[in-house]
Amino acid sequence: MSHALLVIDVQNDFCPGGALPVDDGDVIVAGINAQMANSSTVILTQDWHPAGHSSFASTHNATPMSVMDMPYGPQVLWPDHCIQGSTGAAFHSDLHTDHADLIIRKGYNRTIDSYSAFFENDKTTPTGLEGYLRTRGINTLTLVGLATDFCVNYSAVDAAKLGFDVTVKMDLCRAIDFDGSLEVAKAAMTKAGVVLA
Ligand code: VGL
Ligand code: ZN
């Protein structure tokens, strides 16, 4: 069995002081560095939106955290975050990014969000990560990072549906936990066969 550690969106905007801060988002960085040092294959993801992205409340003159119906389904409207090339989109400065074999960016299409590292929010447009993992013979994944209830959750569920063996290391994740989203996410991951460790 070949294993990869998938580190989801450990970026400044998801850490305290950022545009969409996750409580204690920065506290997990040291533990993730230790986990990376013990992993043969490390992949980082980076939320990477153009200015004026359709997932931003400001694009629609809407209230942040309200929900909008998109052609692909309901979409939470977020504060502007992780704008391509900005400091907010950069990885947390303590993250040991040199361990990564691959950095995969997502959310770059203006009209569609991408929580998952595998598919955009229409659940059909691939990011290419599945092909990368399969061609490298990787079948087992451990996920850590931000945020537990959005990008970690969607990535873990998609990976399990694609047939990967998936574990989420919950102590190395932190959640937005908006409107009960953490409990919903845990149930979705468990139902998909993801191991919550
Ligand atoms: C994320 C909301 C919007 C995440 C990304 O990384 O969990 N959440 N964009
Ligand atoms: Zn985003």
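This is a predicted model: local features need pLDDT of at least 70, side-chain atom pairs count only at pLDDT 80 or more; totals for chains, interfaces and linings use all residues.
Biologist: Why is Cys82 called buried?

Modeller: Buried means under 20% relative accessible area, exposed means over 50%, and partly exposed is in between, with a 1.4 Å probe and protein chains only. Cys82 has a relative accessible area of 0%, so Cys82 is buried. Cys82 sits in the loop between strand S4 (73-76) and strand S5 (102-106), and has a positive phi of about 45° although it is not a glycine.

Biologist: What makes Asn61 exposed?

Modeller: Its relative accessible area is 77%, and exposed means over 50%, so Asn61 qualifies. Asn61 also has a positive phi, near 50°, in a residue other than glycine. You will find Asn61 in the loop between S2 and strand S3 (67-70).

Biologist: How do you know what counts as a helix or a strand?

Modeller: They are DSSP runs numbered from the N terminus: H or I with at least four residues for helices, E with at least two for strands. Helix H1, for example, covers residues 29-37.

Biologist: Which residues of H1 are buried, and what makes us say where they lie around the axis?

Modeller: The buried ones are Val29, Ile32, Asn33 and Met36. They cover an arc of only 105° around the axis, which puts them on the same side of H1. The arc is that of the directions from the helix axis to the C-beta atoms. In general, an α-helix has 3.6 residues a turn, so residues three or four places apart point the same way. The cover over the buried residues of H1 includes strands S1 (3-8), S2 (42-47), S6 (140-146) and S7 (165-174).

Biologist: How do you know what Ile32 touches?

Modeller: Contact means heavy atoms within 4.5 Å. Leaving out residues up to four places away in sequence, Ile32 touches Val7, Val10, Leu95, Val144, Gly145 and Leu172.

Biologist: Why is a group of residues called a nonpolar core?

Modeller: The name is given to a set of buried Ala, Val, Leu, Ile, Met, Phe, Trp, Tyr and Cys residues joined through side-chain atoms within 4.5 Å. The largest one here has 53 residues, and among those with the most contacts inside it are Val7, Ile32 and Phe118. Helix H3 (residues 148-161) gives the most to this core, with seven residues.

Biologist: What makes H3 mostly covered?

Modeller: Twelve of its 14 residues are buried, including Phe150, Cys151 and Val152. What covers them includes S1, S4, S5, S6, S7 and H4. After H3 comes Gly163, with a positive phi near 100°.

Biologist: What makes the buried residues of H4 line one face?

Modeller: In H4 (residues 181-191), Ser181, Leu182, Ala185 and Met189 are buried. Seen down the axis, they fall within an arc of 95°, so they line one face of the helix. On the other side of H4, Glu183, Val184 and Lys191 are exposed.

Biologist: Which residues surround ligand 1?

Modeller: A residue is near a molecule or strand if one of its heavy atoms lies within 4 Å of it. Those surrounding ligand 1 include Asp9, Asp47, Trp78, His81, Leu146 and Ala147.

Biologist: How do you know that Asp47 makes a polar contact with ligand 1?

Modeller: A polar contact is a pair of N or O atoms within 3.5 Å; within protein, one must be able to donate a hydrogen and the other to accept it, and residues adjacent in sequence count only if both atoms are side-chain atoms. A nitrogen atom of ligand 1 is 3.1 Å from an N or O atom in the side chain of Asp47, so the pair meets the cut-off. For His81, a side-chain N or O atom is also 3.1 Å from a nitrogen atom of ligand 1. A backbone N or O atom of Leu146 lies 3.4 Å from an oxygen atom of the ligand. Taken alone, ligand 1 exposes 260 Å², and the protein buries 100% of that; such areas come from the Shrake-Rupley method with a 1.4 Å probe, and for residues only the protein chains shown count as cover.

Note on methods. Residues are numbered from 1 along each chain as its sequence is written. Chains are lettered from A and ligands numbered from 1 in the order in which they are written. Side-chain values use heavy atoms; hydrogens and water are left out.
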